[in-house]
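Please keep the sequence and the model open while reading.

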Amino acid sequence: MTVAVDHPANPAAGDEDRPIGYGRLQRKEDPRFVRGKGHYVDDIVLPGMLHGAILRSPVAHARLVSIDTAAALAHPGVVAVITGKDLLGLNLAWAPTLSADVQAVLVTDKVRFQGQEVAFVVAEDRYAARDALELIEVEYDVLPAVIDARQALAPDAPVVRDEIEGRTDNHIFDWEAGDAAETDAVFASADVIVSQEIVYPRSHPAPMETCGAVADFEPIDGTLTLYETSQAPHAHRTLFAIVAGIPEHKIRIVSPDIGGGFGNKVGIYPGYILAVVGSIVTGKPVKWVEDRSENLMSTSFARDYIMQGEIAATKEGKILAVRTNVLADHGAFNATAQPTKYPAGFFHIFTGSYDLQAAHCTVTGVYTNKAPGGVAYACSFRVTEAVYLVERLVDILAHKLEMDPAELRLKNFIKPEQFPYLNKTGWEYDSGNYERAMRLSMEIAGYDELRREQKEKRERGELMGIGISFFTETVGAGPRKHMDIVGLGMADGAELRIHPTGKAVVRISVQSQGQGHETTFAQIVAEEIGIPPEDIEVVHGDTDQTPFGLGTYGSRSTPVSGGAVALVARKVREKAKFIAAAMLETRPEDLEWEKGRWFVKGDPSVGKTIAEIAMGAHGTVTLPEGIDGNLDAEVTYDPPNLTFPFGAYICVVDVDPGTGHVKVRRFIAVDDCGTRINPMIIEGQVHGGLTDGVGMALMQIIEFDEAGNNLGGSFMDYLIPTAMEVPNWETGFTVTPSPHHPIGAKGIGESATVGSPPAIVNAIVDALSPLGVTHIDMPCTPARVWEAMQGRARPP
Ligand code: MCN
Ligand code: CUM
């Protein structure tokens, strides 16, 4: 069993844990989850509902010669078989992606990755639908596949997207940030330069619940109700209106309970569209839920970045500049979910937590015969790759300079007085105190003692490693003037209603997949208007019930939607003042606020609670001009900047010299996400993310053979970390509020997934450094570690 140890804040440093609105409140959603009473897409059963199943391509690259569906159609229980040809007739064969590309809903011309959607069967039950898939005869003319991104731009590489007019190669985009000339100049005069190719392999978010949908098209009035596993129901509704040509006000999207998203449920998959088409064609509701292999083989992957990194420094260890060229494998369709201006997401925060003179990156995106996607798995829009790159480079530099990696970092951190800090690629870091977090994690770890222990063990030939990672994230996209997805500005709405008896409903535009929004968003309202969280219902996940907003990903819910909720509560509080004044027959400016109540200045016994004011608002008192007879408000919050959470992680590993097996013995994580709403939920987010990190660093990769066969398409091959592989997490925190966020909070949902892999890999390399190992690519499986120990790098 895993027991978490949580260290208190560092009072000496002036830190105080002041969680807002009831702090460690137990999660309001858990009574239904722990009783098995959650309501997921697959729990939805509608009268007359049919079941869909997708035929997927067994090969990665092939011309589609013919499809014969006659036998499948004749199978008992089968109602319809839909092919790409049928979709061409409906103008639905191709759908726009979130990155201004198009993606095939069903294959019409050729298959571009293994597992791609070829045909859709709709039947009376799941079994008939699945059985009928086997009866569809497809003839493929198999083509050579391009699998390795390094081969994608070779002149003789097979062209994945030859359906696009005039396209003769696999190049998608070139993008750069920072100043190339300035960076080159700094490199030219630096004492020390280290270079390393660093690969962040393709991985997968693999949520417990796979993706699915239930589509219910009502032909009489032309309305579509779509239950789907979506992290962004409002954005999906707009896209469905555009793709399917159904007026937006006739579409209702419901995302009920979601069994984990981790980025996997940001995009719109062909299965969702096929469920809708199936419902339109048959006139019945259609359910489609994918199985595990379908999820692993065809939905949004993560990472797949090949990074050439370089870092320049003085011989005393002052880091001067970082530069990198990245090759980004986007698979067969560019379906990555990034803000429009940023095809490589927020990767250009690869300058990390250091005060540099210059930085430059280029990113080239390419098509390959692999599944599309590219945002998912707690990535903070590619901050994962950025942090991994810079934290590996800093460690390699420390090794070269024979400096302690903690000391090197401490020497180069951006200092507290430098915030707000404008980095060399254009980000304005809002607030931070890096040294304090680093020192706290070293204190919890007993860093000096660990180094002593390591020294002793090395003398005995034992392989113990200590790895550090310090990360800065940028989370909470917008502001909308800089950030949009398919033209939709990244802002979020909130509506708050206080019913006459003083009970409240807050409606939000983001969508929980397990992060506990029903609890924490109630806590924000509770803090701002002073009614208890149990009296506040949080409504989300239904476009008919909630205001427009861009949804949950990039840890943006607290930074954006949380800001909206704080502001809408303040708006209600302000309105309550006017109503209270009318009730008390006094002037609003004579009232003072204490949590939950307006009272007369100088006479605290005369006042009205929020509940009394709510009743008053709906009662008979004459309200002032311009004040409606309710205690409701709504806002749309467009954040002025992103928030920049950070953390200092230390990992201790023991490597078995005989087998290469890595044991993560200890892991210390100090996180700073500004004002903390619910410390228990934060710890849960951190524990989960650290576990993800162990998975990625040691176990997980979606690999392909040369023909494009996916070798990670089941949980036999794609390993999920369990309590067996992880240590007792030791967490701590500091609190550096965001100066621009209404309650000072920064996001936390992806921090640990972003920050932990480099700490683990740095620890492994540290353990192996007496053997001359300076780098090893993830996942550090026993085989790879053993090969590295033999001085045999794994062939790329
Ligand atoms: N929180 C808090 N105080 C803060 C910051 C956050 O109490 N200063 C709380 C929030 O109120 C929220 C939770 O922590 O209840 C996470 O908040 P936030 O950092 O805003 O992240 P989001 O809610 O936007 O969640 C998205 C993030 C992402 S992008 C991925 S990927 C991921 C993650 O959350 N997917 C998850 N954590 C997950 N956790 C679960 N259980 N399931 C997923 O799919
Ligand atoms: Cu990038 S995974 Mo989260 O942003 O849903």
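Helices (H or I, at least four residues) and strands (E, at least two) are DSSP runs, numbered from the N terminus. By that count the chain has 18 helices and 33 strands. The model is predicted, so local features need pLDDT of at least 70 and side-chain atom pairs count only at pLDDT 80 or more, while totals for chains, interfaces and linings use all residues. Residues are numbered from 1 along each chain as its sequence is written, chains are lettered from A and ligands numbered from 1 in the order in which they are written, and side-chain values use heavy atoms, with hydrogens and water left out.

**Overall build**

- The radius of gyration of the chain, taken over C-alpha atoms, is 27 Å; a compact globule of 796 residues would have a value near 28 Å, so the two agree. The globule rule is 2.2 Å times the number of residues to the power 0.38.
- The C-alpha trace spans about 85 × 75 × 50 Å along its principal axes.
- Of the 796 residues, 63% are buried. Buried means under 20% relative accessible area, exposed over 50%, and partly exposed in between (1.4 Å probe, protein chains only).
- Contact means heavy atoms within 4.5 Å. Among contacts between residues at least 6 apart in sequence, 80% join residues at least 24 apart.

**Surface and charge**

- The accessible surface comes to about 28,700 Å², and 52% of this belongs to carbon and sulfur atoms. Areas come from the Shrake-Rupley method with a 1.4 Å probe; for residues, only the protein chains shown count as cover.
- There are 70 positive and 106 negative side chains, and the centres of the two sets lie 3 Å apart. Lys and Arg count as positive and Asp and Glu as negative, without His and the chain ends; each charge is placed at NZ of Lys, CZ of Arg, CG of Asp or CD of Glu.

- Cys379 sits in the loop between strand E18 (358–366) and helix H9 (383–401).
- Ala378 is found in the loop between E18 and H9. Ala378 has a positive phi of about 40 degrees although it is not a glycine, and its 6% relative accessibility makes it buried.

**Helices H10 and H12**

- Helix H10 (residues 405–412) is largely enclosed by the rest of the structure, because six of its eight residues are buried. The buried ones are Pro405, Ala406, Leu408, Arg409, Leu410 and Asn412.
- Cover for these residues includes strand E17 (319–329), H9, helix H11 (434–445), H12, strand E21 (463–472) and helix H17 (751–768).
- Gln454 belongs to helix H12 (residues 447–459) and counts as buried at 4% relative accessibility. Leaving aside residues up to four places away in sequence, Gln454 touches Met464, Gly465, Ile466 and Asp766.

**Other backbone features**

- Phe419 and Pro420 are joined by a cis peptide bond with omega of about -10 degrees. Pro420 lies in the loop between H10 and strand E19 (421–422).
- Gly478 and Pro479 are also joined by a cis peptide bond, with omega of about 10 degrees. Pro479 lies in the loop between E21 and strand E22 (484–485).
- Phe262, though not a glycine, has a positive phi of about 55 degrees. Phe262 lies in the loop between strand E14 (251–254) and helix H7 (270–282) and, at 40% relative accessibility, counts as partly exposed.
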